Amino acid sequence: MSRKINKVAVLGSGVMGSRIACHFANIGVEVLLLDMIPKEGGESTDKSARNKLVNDSLQATLKSNPSPIYSKTFISRISTGNFTDDLSKISTCDWIIEVVVERLDIKQYIFTEVEKYRTPGTLITSNTSGIPIHIMLDGRSEDFQKHFCGTHFFNPPRYLKLLELIPTPKTDSAVIEFFEDYGQRFLGKTTVVCKDTPAFIANRIGVYGIMSLFHTVNEMGLTVEEVDKLTGPVIGRPKSATFRTCDVVGLDTLVHVANGVRTNCPDDEANSIFSIPDYINKMVENNWLGSKTKQGFFKKVKDENGKSEIQSLDLSTLTYKTSSKVKFATLEAAKNIDSLQLRMKTLVKGQDKAGEFYRKSFFGLFAYVSNRIPEITDAIYKIDDAMCSGFGWQLGPFATWDAIGVEEALKGMQQMGYQANAWVQDMINSECKSFYKVEKGIKYYYDITTKSYKMIPGSDKLLVLENIRADKTIWKNSGTTIVDLGDGIINLEFHTKMNTIGGEVIEGINKAIDLAEKEYRGLVISNDGDNFSAGANVGMIFMMAVEQEYDELDFAIQAFQKTMMRIRYSSIPVVVAPHNLALGGGCEMSMHADKVIAHAETYMGLVEFGVGVIPGGGGTKEFALRASDEYGDGIRLNVLRNRFLTVGQAKVSTSAYEAFELGYLRPGIDEVIVSRAHQLSYAKQAALNMAEKGYTKPLHRKDIKVLGNEGLGIVYVGANSMKSGKYISEHDQLISEKLGWVLCGGDLSVPTEVDEQYLLDMERRAFLELCTERKTLERLQSIITSGKVLRN
C-alpha cells in the first residue's frame, strides 16, 4: 500500500497538541485540531464559545517564542473544533494523533469515541510519555490495534528532532516502517524505534543523567554555575547545559518522570539514583519550578537602578546569589582543542574537581547505558540517536565512550566502582575495539547479539561528510575542505570559527570552482557545522579599518565580490545548502547560487547595517537587481521601500520559508527541505540534475533598472524623518543614505538600466567610506569584544 498523509487529526490542543499541529502545518499537511467544549460553552450554540478552549490554546501557542510555525501564512492549514461537534471529521484523516491529558481512563474514552468514526486502515497513535503503550489497546478492534503505536514527539516539536516510535505486539510492522520513513523525510525527525519500557529511551537515559548529577552536585559541593559551565558546549551539549535546561523543562516534570522510573523499574540497578534529593523536594514545595514560576535554579531580579540580573540558587542554603565566573584548570587545558572527540580525552584526564566530575558523570553514564541493552533497545545507535536528537547532544553516550577510548574508560570505571555490562568486555575480547566504525563512507555499529558490526540502517543511502571526509577529500586548506561526493559532484565545506568567511574560505571557494570546471560536473557548498556561516570575518575588517589599510580592505572586498560573482557565473552549476545561521556573507553566498537547498531551520539575513556598514559582498547589488525584476509587478517605490527596509532593519528570517518572504530566496528556483539528514544528498542531486539537463553559464545582467533620484527622494526624506523623530542616530541616517544611494544607482535624473559591475563598484565604495567612520569602528569593536552574532 502506498500510504499518503494529506490530513491529520490532533486530539488535544494543550502545549504539545497545538505545537504538533503547527509542525504538520509547517510541512503542508491539512490539520484538524480538536479539544473539549469548555464548561461555560457547553450549553451555547455559538461555535466560537464551543471552540474557545481549542482556539485559545492554538493562539497562545502561536504567540510563543520561538515560534512553532515556519510562516504565518501556514496557520490557515489548521482548522479547529471540539470533540462533541467535530469528531466525525476524523473519518477523512490519514493519521489521528491523541495528545490528551496523561490519564489512561481519559485516553481509553477518547479511543472508544474515535472507533465510531475512524476509517479502517487510518493510522492512530498516542503521544504519551508515561503510560505503557500496550495497555491502551484494551477493548480496541483488530484494525485499530494493527494500525496503533506510540509516537512520542519531543517539545517543542518544530525544533527538537527526536520522534520515538513505540510499537505494541499487535502493531503491523509495515506501519512502523512507514513512520520511520515519514518521520525522517517529511517531518525532519530522527526516528527511533523503542521498546515499550518506562520513559522509553531518551527520557530514561536523560533523566538518569540529570538525577545522577543532582546527587553528584551534593557529594562534590559544586555550584549551579560550575555545573552548567561543565555540562554545556564544552562537552557538545546545548548552551542551556543542565540547570538552565531543568528550568525550561520544569522541575515538576523532571520529578514526575524520575518518580515514574523509580516506581516502574524496581530492578534497575541504579534505581536509587532516581530518588529525589532533599533540596529538589524543597524547591518543588516552594514552587520554584523554573521558567513557568519565574524562578528555579535561576531567577531574574532587578537591582535598585532597575537593571536586570540573573541570580543562581545556592544549593546548600537555598538562597539566590549573584552568579560568579567559573574557572577550572581542566577547562583551560581543553579550550583550544577544536575537535570534540579529542577534547573529551583531555576533560576526563583532568586532575582537578572538573576532571573528577567528568569521570564520575561519564563513567556512571557508560555503565548505565550498557545495562539498558537489551532492556530498552537492542541497538546501541538508537540510544545515541535518541540523546542527540532529544537532548541536543553532539555525541551520544556510546560515541562519547568511543572518543575517550573504550578500554581506557572501562579500566577507569572499574577503579571507581562502576560496573559495565559483560557484553562490553565480550566486545573487546572479540577484537572489536570501538562501538562504531566507518568503512567506505558507511557507518557500522557493534551488535551484541552477533558480536559483530552491522550497518546502521539507511547509512548507505545518506551522504554524511563526517563519514566520507577521510577517504574522499581532494583538497583542503586551514579553513575549508573539498570532498568528492561522487557522480561528478564535489562539496566545499568550511570549518572556521562560526564558519565565518575570510581569506581561507575565499581561496577554498575559488579552488572548488576551478576543480569543478576542469574535472567535475557541479559544486555543492554545505557543511556540518552548528551554523552554515555567521558572515564575514568581522575581526579582519576591523583590523584593516583601524590600521587605515584601505587599499588592502578594498582588495579584500573586491576579492569577496568577485568570488560571489564566480559562484553566479561559473561554467558549472553551484548549489548552496545553508542551515541555521546564514548571515551577511553567508546570505550573499546563497543569493548568488544557481540554486539554494535550504534547511527549513535556516535563519538568513543581511545584517551588516548593525555593524555600521552596508552589505559589501554583492548583497546590496543583488537586492537592487531583484527589485528591478519586481518593478513591473507593482508600484516600484513600494518595491524599493520593502527591499530597503529588509536590509536597513537587518531583518533575519525565522525560517527558510520566511526567507522567501524577505526576498533572500527566490520562488520557483530555491527550495526548502525539512530533513537535515537528507539535505546534502538532495543538494547533490539538484546539482546533478542541472548538469544532466545541460547547464550553460548565465550571462551577466546589464538590464538592472535603478530609480535614481526618484528613489533617492523617498530614501532621504524617510531617513531624515526617522532622525528628526530620534528613532535613529545620525550615523544610522548616514548608513541609510549610503544604502539608498546604491539601491537607487546614485544621482540619476531618470530611471536607468545599469549592469552588475556598476552596482558592485558603488556598493564597495559605500562600504569603504562607512569603514572610515568612527561610529562604525566602535560598533565593530563592540561586536568583537562581546563575541555576539548579529541578528535581530
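Biologist: Which residue of β13 is the bridge partner of Glu 439?

Modeller: In general, strands of a sheet pair through backbone hydrogen bonds, either parallel or antiparallel. In this predicted model, Glu 439 has Ile 442 of β13 as its bridge partner. Four bridges connect β12 with strand β13 (residues 442–447), and the pairing is antiparallel.

Biologist: What is the order of the strands in the open sheet?

Modeller: The three strands follow the order β12-β13-β14, with antiparallel pairing. β12 (436–439) and β14 (452–455) are the edge strands; each has a single partner strand, so one side of each lacks a neighbour in the sheet. From one strand to the next, the twist averages 40°.

Biologist: Let us turn to β17. In which sense do β17 and β18 pair, parallel or antiparallel?

Modeller: Strand β18 (residues 522–525) pairs with β17 in the parallel sense, over four bridges, and Asn 491 is placed opposite Val 524 of β18. Between β17 and β18 the chain passes through helix α21 (residues 503–519), and this β-α-β crossover is right-handed. With strand β16 (residues 480–486), by contrast, β17 runs antiparallel, and six bridges join the two. There, Gly 486 has Ile 489 as its bridge partner. β16 and β17 form a hairpin with two residues between them, and Asp 487 in the turn has a positive phi of about 60°.

Biologist: Are the faces of β17 covered or open?

Modeller: Both faces are covered: Ile 489, Asn 491 and Glu 493 are buried on one side, as are Ile 490, Leu 492 and Phe 494 on the other. Six of the six residues of β17 (residues 489–494) are thus buried.

Biologist: Why does Thr 171 count as buried?

Modeller: Thr 171 counts as buried because its relative accessibility is 12%, and the cut-off for burial is under 20%. Thr 171 belongs to the loop between β7 (162–167) and α7 (173–185). A polar atom of the Thr 171 side chain lies 2.9 Å from the backbone nitrogen of Thr 168. Leaving aside residues up to four places away in sequence, Thr 171 touches Gln 145, Lys 146, Phe 148, Cys 149 and Ile 176.

Biologist: Finally, at what angle do the axes of α23 and α31 cross?

Modeller: Two packed helices are described by the angle between their axes and the distance between the axes. For helix α23 (residues 550–569) and helix α31 (residues 756–771), the axes come within 10 Å and cross at roughly 145°. This crossing of α23 and α31 is right-handed. Among the residues making the contact are Leu 553, Ile 557 and Met 565 of α23 and Leu 760, Phe 767 and Leu 768 of α31.

Methods:
Residues numbered from 1 in each chain as written. Predicted model: local features only at pLDDT ≥ 70, side-chain atom pairs only at ≥ 80, totals over all residues. Heavy atoms only, no water. Buried < 20%, exposed > 50% of the residue type's maximum accessible area, 1.4 Å probe, protein only. Pairing = 2+ DSSP bridges. Right-handed = clockwise from strand over helix to strand, strands pointing away. Polar contact = N/O pair within 3.5 Å; in protein donor to acceptor, adjacent residues only side chain to side chain. Contact = heavy atoms within 4.5 Å. Axes fitted to C-alpha atoms, helices over the stretch in contact; angles between N-to-C directions. Left-handed = near helix turned anticlockwise from the far one by under 90°.
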